[in-house]
Every structure is written in C-alpha cells, then in structure tokens.
Amino acid sequence: MSDERLLNIGKIVNTHGIKGEVKVWPQTDFPDVRFKAGNKLLMFPPETGEPITIEVVSSREQKNMFVLKLNGFDNINQVEKYKGWELKVSDEERVPLPEGEYYFRDIVGCSVETDEGEALGTITDILSPGANDIWVVKMAKGKELLLPVIDDVILDVDIASRKVKVHLMEGLL
C-alpha cells in the first residue's frame, strides 16, 4: 500500500444525527462518483496508523458537504472517533478526463520543449489565477517561465512520455 499512489477525495469533519452518518468535506471534482452507494473507500487516521476500508451505503449533498452512511456503522458512537480522518482512493480509480484536460500530478514534472526542438525545462507548478491555468517551468539557469495554458501556446501534451511541446509567442521569454 505504501508505494501505491492515493488520491484524497474527502475528509470526515463531523457526525450527522444519531444513526451513524458522517459529514464529509469533499476534496474531489467528482463527489457524485466517489460517494456513490456501493463504492469502497480507504479511511486514513489524521496522524499515523492503518487505513480502514469502508463501503458507502448512501450519500446526499447538504450545504457544500456530503452526508455518508457507511456499511456497518449504525449509531453515532461508532463513527464519533473518525472525525478528522481522510478518505482516499487508489490512483487506478481516477475518473477519466475529457481530451485536453489533465490531472495536476500528470503535468507537474513533465519536460517542456519548443516546437523547434529546444529544451526549456520542467514544469514545477500550476497556477490558476483566472481565465486559464499557468504552467510554471523551471529553466536550466534557474529562471522561471510562465506558460499560459491556451491552444496558441500548448501544442501537444504527451502524458505517457512526460513531454509537453509549446510554441513561444512573442514576449513569453
């Protein structure tokens, strides 16, 4: 389990009612998929310790949170101790994204080269200031290049080979 990549999908912030339901703060773009009845999730303690596999019986959205009923937990006393625990799924359970959209973890670390074959550096961060994301590229001499994620600049993203091909518009360097 330790070398497997896990994705955070939520955090248990409180109990709900007396029938063993928990309130979860979602940390995923796909809460309806993640918290669907029948899904198995890993529940991790806030410090260290062994995760517990749980199964979602039901879920509903309530004030930007999700209220989950978990299999085998039928009263408040059974779930009280899980406040602060993280909910995770394995990397293999990622929701496929539409073409042209990428997970941050797939972009950070990719090498960047121009459409003329010149190596520019490695993507180290992603900024989301407004209309479009900005990929931060650490260049060989330590300088940072900010690339707007627009079709005129980002020509090709090859996640498998961890390479991004870009066109440097005037004023980017």
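A residue is called buried when its relative accessible area is under 20%, exposed when it is over 50%, and partly exposed in between (1.4 Å probe, protein chains only). By this rule, buried residues make up 36% of the 173 residues in the chain. The structure is a predicted model, in which local features need pLDDT of at least 70 and side-chain atom pairs count only at pLDDT 80 or more, while totals for chains, interfaces and linings use all residues. Residues are numbered from 1 along each chain as its sequence is written, and side-chain values use heavy atoms, with hydrogens and water left out.

The radius of gyration of the chain is 21 Å, whereas a compact globule of 173 residues would have one near 16 Å. This radius is taken over C-alpha atoms, and the globule rule is 2.2 Å times the number of residues to the power 0.38. The C-alpha trace spans about 65 × 30 × 25 Å along its principal axes. The accessible surface (Shrake-Rupley method, 1.4 Å probe) comes to about 10,600 Å², and 48% of this surface belongs to carbon and sulfur atoms.

The chain contains 3 helices and 12 strands. These are DSSP runs numbered from the N terminus, with at least four residues for helices (H or I) and at least two for strands (E). Of the contacts (heavy atoms within 4.5 Å) with a separation of 6 or more, 49% join residues 24 or more positions apart.

The domain assignment, which is automatic or taken from a database, gives domain 1 (6-90) and domain 2 (104-166). The centres of the two domains, taken over C-alpha atoms, lie 35 Å apart. The UniProt record, an unreviewed entry, places "domain: RimM N-terminal" at residues 9-92. Over residues 9-92 the chain is 10% helix and 49% strand, with 14 Å between the end C-alpha atoms. The record also gives "domain: Ribosome maturation factor RimM PRC barrel" for residues 105-172. Residues 105-172 are 4% helix and 49% strand, and their end C-alpha atoms are 24 Å apart. Such annotations use the numbering adopted here, have shortened feature names, and may be inferred rather than shown by experiment.

A nonpolar core is a set of buried Ala, Val, Leu, Ile, Met, Phe, Trp, Tyr and Cys residues joined through side-chain atoms within 4.5 Å. The largest such core has 19 residues, of which Phe35, Leu41, Leu68 and Leu87 touch the most other members. At least two residues of this core come from each of β1 (6-16), β2 (21-26), β3 (40-44), β4 (52-62), β5 (65-70) and β6 (86-90). Beyond four places in sequence, the contacts of Phe35 include Ile9, Val24, Val56 and Phe66. A second, separate core has 16 residues, among them Val112, Leu147, Val157 and Val164.

Cys110 is located in the loop between α3 (104-107) and β7 (111-114). Cys110 counts as buried because its relative accessible area is 0%. Beyond four places in sequence, Cys110 contacts Gly121, Thr122, Ile123, Arg162, Lys163 and Val164. Its C-alpha atom is 7.8 Å from that of Ile159, although 49 residues separate Cys110 and Ile159 in sequence.

Glu118 is in the loop between β7 and β8 (119-127). Glu118 counts as partly exposed because its relative accessibility is 44%. Apart from residues up to four places away in sequence, Glu118 touches Val112 and Glu113. The C-alpha atoms of Glu118 and Val166 are separated by 9.9 Å, with the two residues 48 apart along the chain.
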